[in-house]
Amino acid sequence: MEALAAEAKAQRNQGLKERLLQLKKERNAIILAHYYQRDEIQEVADFRGDSFLLAQKAAETDADVIVFCGVHFMGESAKILAPNKTVIIPDERAGCPMADMVNVEGLRQLKQKHPNATVVTYINSSAEIKAETDICCTSANAVKVIQSVESDEIIWVPDKNLGHYVQQHTDKKMILWEGYCNTHDMLTVKDVVEMRKQYPNAQFVVHPECRPEVVEMADFVGSTTAIIKYCRESDVKEFIVGTEDGTGYQLRKDSPDKTFHFASKFLVCPNMKVNNLKKLVRCLETMQPQIYVPPQIADKARLSLERMLEVTV
């Protein structure tokens with residue numbers, strides 16, 4: 001029964017993939033997929049990557065249509081960097097709880113309290129917050145971005161865990177917003193201890209969005225892209241992975257001879273996983289839902305993103 005169901009799904013997906021190729025050609029579309037997307041979406045993407053790489057691709061593409069398979073703020077970043085392109089996402093319900101933890105009013109109050117501070121905002125934030133920002137960053141280039149600004153005082157928004165990690169690599173005074181990634185923040189010291197007992201030969205690689213006490217236990221700390229690169233180039237054959245489980249697609253693709261154990265069964269972002277192949281095809285058929293960012297917000301937000309893109313990873 002299970003074999004029949006799997007076969008039926010494979011046939012259905014094959015049909016969807018063929019339709020997708022046809023639509024991409026008709027619309028002159030490019031598909032960008034974040035590493036946390038379902039395997040079936042990463043498989044058909046033109047580019048897979050983290051927030052930074054995908055922001056770059058959005059800024060550079062010649063395509064008329066950008067299909068962004070990620071969460072809402074990523075689609076906004078693409079629209080801000082490529083205002084003349086049509087940007088669509090498979091499901092507009094793909095939000096980000098961490099991005100929702102910061103609000104414009106609160107940030108403005110913090111800026112008034114610290115008038116000499118530079119606002120550095122993690123790209124995992126809304127267009128409205130980016131518009132209140134001096135420069136954006138990603139987990140891949142956060143330390144370099146902090147080092148690139150002249151101010152000795154930084155207002156850091158919205159992820160306190162990533163902010164704490166960055167703080168270890170700078171002498172600047174950092175005022176941390178109290179946000180966090182629900183998924184990464186779920187990983188505990190107890191989880192890691194248990195996994196290490198189970199897999200004593202494995203190295204523990206972790207994303208800096210995890211709690212500081214978890215990050216301290218790691219053999220390697222880095223962005224999703226950095227984790228993938230480290231695992232690919234390492235001589236070690238077994239890893240305990242402390243980031244979202246969608247990363248497994250690229251890890252296994254790059255290193256089929258290696259074994260990856262995710263540090264917790266809860267390392268799944270429900271927002272990233274609302275997208276699927278069927279919704280991807282449908283959004284290209286209907287050209288909905290489209291991402292719209294008001295021009296006055298987009299113009300201000302664009303400056304913070306462009307400044308980030310000028311800082312090399």
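Two colleagues go through the reasons behind the labels in this predicted model.

Modeller: Ground rules come from the source. This is a predicted model, where local features need pLDDT of at least 70 and side-chain atom pairs count only at pLDDT 80 or more, while totals for chains, interfaces and linings use all residues. Residues are numbered from 1 along each chain as its sequence is written, and side-chain values use heavy atoms, with hydrogens and water left out.

Biologist: What makes C283 and C210 count as buried?

Modeller: Buried means under 20% relative accessible area, exposed means over 50%, and partly exposed is in between (1.4 Å probe, protein chains only). C283 has 1%, so C283 is buried. C210 has 0%, so C210 is buried.

Biologist: Now the annotated cysteines. Which residues does UniProt list for "binding site" in its unreviewed entry with C96?

Modeller: The UniProt entry lists C96, C181 and C269. They are spread over 174 residues of sequence, yet they cluster in space, with a largest C-alpha distance of 9.3 Å. UniProt positions are in the numbering used here, feature names are shortened, and annotations may be inferred rather than shown by experiment.

Biologist: What puts C96, C181 and C269 in the lining of the largest pocket?

Modeller: The lining takes in C96, C181 and C269. The search uses a 1 Å grid over the protein atoms alone; a pocket is an open set of points with protein on both sides within 12 Å along at least five of seven lines, a cavity is a set where a 1.4 Å probe fits but cannot get out, and lining residues have an atom within 4 Å of a point.

Biologist: Why are C96 and C181 called buried?

Modeller: C96 is at 14% relative accessibility, so C96 counts as buried. C181 is at 13%, so C181 counts as buried too. C96 sits in the loop between β4 (86-88) and α5 (97-100). C181 sits in the loop between β8 (173-176) and α10 (182-185). Helices (H or I, at least four residues) and strands (E, at least two) are DSSP runs, numbered from the N terminus.

Biologist: What does C181 contact, leaving aside neighbours within four places in sequence?

Modeller: M98, D159 and E209. C96, by the same exclusion, is in contact with V71 and F73. Contact means heavy atoms within 4.5 Å.

Biologist: Next, the rings. Why is the pair of F220 and Y230 called stacked?

Modeller: Rings of Phe, Tyr and Trp (its six-membered ring) pair if their centres lie within 6.5 Å; planes under 30 degrees apart count as stacked, over 60 as edge-to-face and the rest as tilted. F220 and Y230 have centres 4.3 Å apart and planes at 5°, so the pair is stacked. F220 lies in strand β10 (residues 220-221) and Y230 in helix α13 (residues 224-233), so the pair ties together parts 10 residues apart in sequence.

Biologist: What makes F239 and F260 a stacked pair?

Modeller: Their centres are 5.7 Å apart, with 15° between the planes. This pair links strand β11 (residues 238-242) to strand β12 (residues 259-262), 21 residues apart. F239 is at 0% relative accessible area, so F239 is buried. F260, at 15%, counts as buried. Y230 is at 24%, so Y230 is partly exposed.

Biologist: Which residues form one aromatic cluster?

Modeller: F220, Y230, F239 and F260. The structure holds three aromatic pairs.

Biologist: Last stop, Q290. Why is Q290 called partly exposed?

Modeller: Q290 has 43% relative accessibility, so Q290 falls in the partly exposed class. Its place is in the loop between α15 (277-286) and α16 (295-310).
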